[in-house]
Amino acid sequence: MNKTVEVHTSVSELVQRALELILSKVETAIKERGQFTIALSGGSTPKPLYEAMAMQELPWDKIHVFWGDERYVPPDHPDSNELMARRAWLDQVAIPAANIHAIPTLSADPEVDAAKYNQHLQTFFNSVSGEFPALDVVLLGMGDDAHTASLFPHTEALNVCDRLITVGNKGDSLRITFTYPLINAARSVIFMVAGANKRPALAQIFAPVADDFAYPSRLIKPQGELYWLLDTAAGLELKS
Ligand SMILES: O=C(O)[C@H](O)[C@@H](O)[C@H](O)[C@H](O)COP(=O)(O)O
């Protein structure tokens with residue numbers, strides 16, 4: 001793992017840096033492998049990044065978009081991560097519909113939809129059970145409880161290591177999420193974290209010893225690169 005921690009003076013600078021990083025990964029991936037794969041996150045911090053992506057001239061037919069997690073709501077629900085990314089970015093560009101790999105949420109059984117998305121990823125990446133394919137970029141946010149994707153503190157999803165996708169939960173509300181080994185298989189993981197409310201969680205995540213199950217973002221140790229892009233409010237007290 002190659003870890004980089006950057007503290008940016010404003011959220012717009014943080015977003016600009018995430019954009020630069022992603023554009024450089026798009027270029028490399030397409031040059032080396034003919035396509036670029038990215039998993040998106042929800043939350044408010046990446047929205048301006050998605051709006052900036054919508055302004056780019058890119059070979060959209062070679063770009064495949066997945067989601068690292070989704071609330072278990074229909075795709076037109078205001079809480080849907082897919083809806084947010086479609087409105088801010090994907091609806092604005094000429095990306096083929098087949099390149100948008102949204103998490104299914106309509107079967108009335110999250111286990112069934114999690115299994116479907118697991119199969120969809122295995123088919124797309126031509127991987128078998130037990131293998132964890134490498135996405136080019138997994139974009140992550142982090143909550144002030146140190147959750148990332150829908151890997152919430154002290155939940156069952158944190159124990160799931162034998163598949164790509166599982167059901168997560170925030171209390172009673174169900175989610176579908178990448179498992180942490182799938183996130184860790186990525187070539188690059190980029191956290192975008194803003195706001196002073198994230199400071200206590202970050203202190204635990206960067207501590208040499210702490211409980212991974214209480215602070216799930218500690219489980220993210222990708223094979224490839226790990227970027228923590230923070231704004232000053234979040235990163236103020238952090239020693240990298
Ligand atoms: O589904 C959720 O509970 C949120 O989307 C969550 O995972 C979010 O990514 C983080 O809480 C960071 O959110 P902000 O970017 O808004 O700080």
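Trainee: How much space lies in the second largest pocket?

Mentor: In this predicted model, the second largest pocket holds about 170 Å³ of space.

Trainee: Which residues line the second largest pocket?

Mentor: The lining consists of Met 1, Lys 3, Ile 205, Phe 206, Ala 207, Asp 212, Ser 217, Arg 218, Ile 220, Lys 221, Leu 226 and Trp 228. Two elements, helix H6 (199–206) and strand E10 (225–231), each give two or more residues to that lining.

Trainee: And how does that lining divide by class?

Mentor: The lining of the second largest pocket has 7 nonpolar residues, 1 polar residue and 4 charged residues.

Trainee: What about the largest pocket; how much space lies there?

Mentor: The largest pocket contains about 340 Å³. It is lined by 21 residues, and those closest to its centre are Gly 42, Gly 43, Gly 141, Met 142 and His 147.

Trainee: How many residues of its lining are nonpolar, polar and charged?

Mentor: For the largest pocket, the division is 10 polar, 6 nonpolar and 5 charged residues.

Trainee: Changing topic: how many aromatic pairs does the structure hold?

Mentor: There are 7 aromatic pairs. One of them joins Tyr 50 and Trp 89, whose ring centres are 5.7 Å apart with the planes at 40°.

Trainee: Where do Tyr 50 and Trp 89 lie?

Mentor: Tyr 50 belongs to helix H2 (residues 47–53), whereas Trp 89 sits in the loop between helix H3 (81–88) and strand E5 (100–101), so the pair ties together parts that are 39 residues apart in sequence.

Trainee: Is Tyr 50 buried or exposed?

Mentor: Tyr 50 is buried, at 0% relative accessibility. Trp 89 is buried as well, with a relative accessible area of 1%. Together with Trp 60, Tyr 50 and Trp 89 form one aromatic cluster.

Trainee: Turning to the strands, how many bridges join E7 to E8?

Mentor: Strand E7 (residues 165–170) is joined to E8 by 6 bridges, and the two run antiparallel. Within this pairing, Thr 166 stands opposite Thr 177 in E8.

Trainee: What do E7 and E8 form?

Mentor: They form a hairpin with 2 residues between them, and Gly 171 in the turn has a positive phi of about 60°.

Trainee: How does strand E4 run relative to E8?

Mentor: Strand E4 (residues 69–71) runs antiparallel to strand E8 (residues 173–178), and 3 bridges join them. Arg 71 stands opposite Arg 175 in E8.

Technical notes: Residues are numbered from 1 along each chain as its sequence is written. This is a predicted model: local features need pLDDT of at least 70, side-chain atom pairs count only at pLDDT 80 or more; totals for chains, interfaces and linings use all residues. Side-chain values use heavy atoms; hydrogens and water are left out. On a 1 Å grid over the protein atoms alone, a cavity is a set of points where a 1.4 Å probe fits but cannot get out, and a pocket is an open set with protein on both sides within 12 Å along at least five of seven lines; lining residues have an atom within 4 Å of a point. Grid points are joined across faces, edges and corners, and a volume is the space filled by probe spheres set on the points. Ala, Val, Leu, Ile, Met, Phe, Trp, Tyr, Cys and Pro count as nonpolar, Asp, Glu, Lys and Arg as charged, and the others, Gly among them, as polar. Helices (H or I, at least four residues) and strands (E, at least two) are DSSP runs, numbered from the N terminus. Rings of Phe, Tyr and Trp (its six-membered ring) pair if their centres lie within 6.5 Å; planes under 30 degrees apart count as stacked, over 60 as edge-to-face and the rest as tilted. Buried means under 20% relative accessible area, exposed over 50%, partly exposed in between (1.4 Å probe, protein chains only). Two strands pair if DSSP finds at least two bridges between them.
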